[in-house]
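Here are my notes on this one, as promised. Have the model open while you read, and tell me where you disagree.

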Amino acid sequence: MNKVNLNLSDYQILNSIIDRENSKGISKLRGITTIELADITGFSLTKIRATLSKLLDKGFVDYAVKRGKSNAFHITEKGLNEMIAVGMDVVDIDNNREKEE
């Protein structure tokens, strides 16, 4: 089990992976890029990349379909469960996935 601890800014980035306005970060086809995360959160790309590495290691996010040359990411069920465990608001992923189909 990965023992890397997350800090508050890591959780803010995890929460921001779900871009509720644009329905991004919710599935493999609707990923969000590091640049988009930096725009949303105000964190540097260095911080975003470091946090994504931790979140990938923990299984809270996974790679989505690339957007051009940019990697994209989406939240996993494990990531959603972690958000619930720490008391963060969680979007209704199943409802959003139905809209995509």
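What share of the contacts in the chain with a separation of 6 or more comes from residues 24 or more positions apart? The figure is 58%. Bear in mind that this is a predicted model.

1. Layout. The chain has five helices and three strands, and reading along the sequence gives the pattern α-β-α-α-β-β-α-α. Of its 101 residues, 41% count as buried. The exposed surface comes to about 6000 Å², with carbon and sulfur atoms supplying 48% of that area.

2. The main core. I'd begin with the largest nonpolar core, which has 19 residues. L14, I17, L52, L55 and I75 are the ones with the most contacts inside it. As for who contributes, α1 (8-16), α2 (34-41), α3 (45-58), β3 (70-75) and α4 (77-85) each give two or more residues to this core.

3. I75 up close. Leaving aside residues up to four places away in sequence, I75 touches L14, I17, I18, G25, F60, V61, L80 and M83.

4. T33 in its strand. T33 sits in β1, a strand that covers residues 32-33. Why does T33 count as buried? Its relative accessible area is 8%, and the label applies because the cut-off is under 20%. Its contacts, again without residues up to four places away in sequence, are R67, S70, N71 and A72.

5. Helix α2. The buried residues here include T34, E36, L37 and A38. Note the glutamate in that list; I'd look at E36 by eye. The buried residues of α2 pack against α1, β1, α3, β2 (61-67) and β3. Just after the helix, G42 takes a positive phi of about 85 degrees.

6. Helix α4. G79, L80, E82 and M83 are its buried residues. Seen down the helix axis, they fall within an arc of 160 degrees, so they line one face of α4. E77, I84 and A85 are exposed on the other side.

7. Compare it on screen with G42, which follows α2 and has a positive phi of about 85 degrees.

Definitions and conventions: Residues numbered from 1 in each chain as written. Predicted model: local features only at pLDDT ≥ 70, side-chain atom pairs only at ≥ 80, totals over all residues. Heavy atoms only, no water. Core = buried A, V, L, I, M, F, W, Y, C linked by side-chain atoms within 4.5 Å. Buried < 20%, exposed > 50% of the residue type's maximum accessible area, 1.4 Å probe, protein only. Helix = DSSP H or I, 4+ residues; strand = E, 2+ residues; numbered from the N terminus. Contact = heavy atoms within 4.5 Å. Areas by Shrake-Rupley, 256 points an atom, 1.4 Å probe, with all protein chains shown as cover. Arc of directions from axis to C-beta.
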